[in-house]
Amino acid sequence: MIERVKLLEYEAKRILKAGSIPIPKSYIPDPNEPQFLPAVIKSQVPTGGRGKAGGVVVVNTEDEYKSALGKISKLEIKGFLPKTLLAEEALAIDRELYLSLLIDKPSASIMVMANSNGGVEVEENSEDSYWKQSITGKSDFDAIGQSLADYYDLPDKTFVLQDLVEKLYHCLVTNDALLLEINPLVITKDGQVVAGDCKMELDDAAAFRHPDWDFEAEKTESNFVTLDEKGTVATVANGAGLAMATVDAVADAGLVPANFLDIGGGANEASVLAAFKRLMEYEGLKVIIINIFAGITRCDEVAKAIIAARDQMPSLPPLAVRLAGTNYEQAAELLTDHGIAIQPSLADAITAAKKEII
Ligand code: GDP
Ligand code: MN
């Protein structure tokens, strides 16, 4: 299973910069004074949708700068609080485009995807509105840049786009990235082409080749697969077999499982918190089903982790918890004391979950 190391924007942009890809001037903001204005203050959380959530703010004055820093550092986005903020020169935006390169497993190639409608509304773009092309050889860059320029209707940017695709390709390959997404790719009012935002995911299996890798975003240790981004039911189980059975049971009950997650044997507070954080990225999430069969894992440890997560994550959706095995009694007492119902079987947990989905 592929583990993805998801970088924060500022980490991804450092890599872009090293690859000579144009990014806005930026700095890690000092709370006392801005280095330059106007600037954009951006929350560095490992999730998208920051713009819509109020985590990206343009500031023109020193007062606005200070107040934005204060607000954004306390703003939780999809369950994440930023450890770092980023200040960038504000761009005078003419157009916002979408451009990404990714490892496409079905075609065993590197795919370029583009959309003339970039920015915060990309979710509105239908799957087949994307321009797609695989890179099969070095000579492709010129052709791809050319057709991209046609597609975006930017005939005078042909050379810039050819150069950009080639640099992005090298950046993806040399960094063992699985995804490199520029959204928005900004065309400024004075005609510059700049990476306004960057989402980068690295292949953790290649970490041994990169002793310098040291990123703020922690990778999830567990076996995790997204099944449906729009799923309403997230699942957390221990052991691959139980995790699969849980997903199947959810689907059999007519619900839409968002993911498969095996948190493994040593489920503890950190791993449960990390798992929940990842699940919070699903926009349609209504309920999380937790199905743990405790052998080496202890039910009371899992219960404590669940309670801690509930306290720390105010926007956590309802939980349907089924625990069985070692220290079940203590777990049941702990959860009940904290107003969390404990279900005797997976079928009961699914029935409870159904009540959360109207
Ligand atoms: P995301 O919402 O997490 O993807 O964050 P982005 O970094 O993509 O920023 C969201 C949106 O904020 C962009 O699509 C722009 O519309 C806006 N934005 C970001 N940077 C700037 C900037 O420098 N100038 C202006 N005017 N808008 C910006
Ligand atoms: Mn973006």
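Biologist: Is N183 buried or exposed?
Modeller: N183 is buried in this predicted model. Its relative accessible area is 11%.

Biologist: And D197, buried or exposed?
Modeller: D197 counts as buried, because its relative accessibility of 19% falls under the 20% cut-off.

Biologist: Which protein donors does the manganese ion (ligand 2) have?
Modeller: N183, through O, and D197, through OD. They lie 2.2 to 2.3 Å from the ion.

Biologist: Where do N183 and D197 sit in the fold?
Modeller: N183 is in strand β9, residues 177-188. D197 is in the loop between β10 (193-195) and β11 (199-203). So the pair ties together parts 14 residues apart in sequence.

Biologist: New topic. What is the strand order in the four-stranded open sheet?
Modeller: The order is β2-β5-β3-β4, with antiparallel pairing.

Biologist: Which strands are at the edges?
Modeller: β2 (26-27) and β4 (56-59). Each of these pairs on one side only.

Biologist: How many bridges join β3 and β4?
Modeller: Four, in the antiparallel sense. Strand β3 covers residues 39-43. As for V40, its bridge partner in β4 is V58.

Biologist: What does helix α1 touch on the sheet?
Modeller: Helix α1, residues 9-18, packs on the sheet and touches β3 and β5 (85-89). Its direction makes about 50° with that of β5.

Biologist: And which strands does helix α3 touch?
Modeller: β2, β3, β4 and β5. Helix α3 spans residues 62-74 and packs on the sheet too. Its direction makes about 170° with that of β4.

Technical notes: Residues are numbered from 1 along each chain as its sequence is written. Chains are lettered from A and ligands numbered from 1 in the order in which they are written. This is a predicted model: local features need pLDDT of at least 70, side-chain atom pairs count only at pLDDT 80 or more; totals for chains, interfaces and linings use all residues. Side-chain values use heavy atoms; hydrogens and water are left out. Donors are N, O and S atoms within 2.8 Å of the metal (3.2 Å for Na, K and Ca); water is not among the atoms, so sites may look incomplete. Helices (H or I, at least four residues) and strands (E, at least two) are DSSP runs, numbered from the N terminus. Buried means under 20% relative accessible area, exposed over 50%, partly exposed in between (1.4 Å probe, protein chains only). Two strands pair if DSSP finds at least two bridges between them. Contact means heavy atoms within 4.5 Å. Axes are lines fitted to C-alpha atoms, for helices over the stretch in contact, and angles run from 0 to 180 degrees between N-to-C directions.
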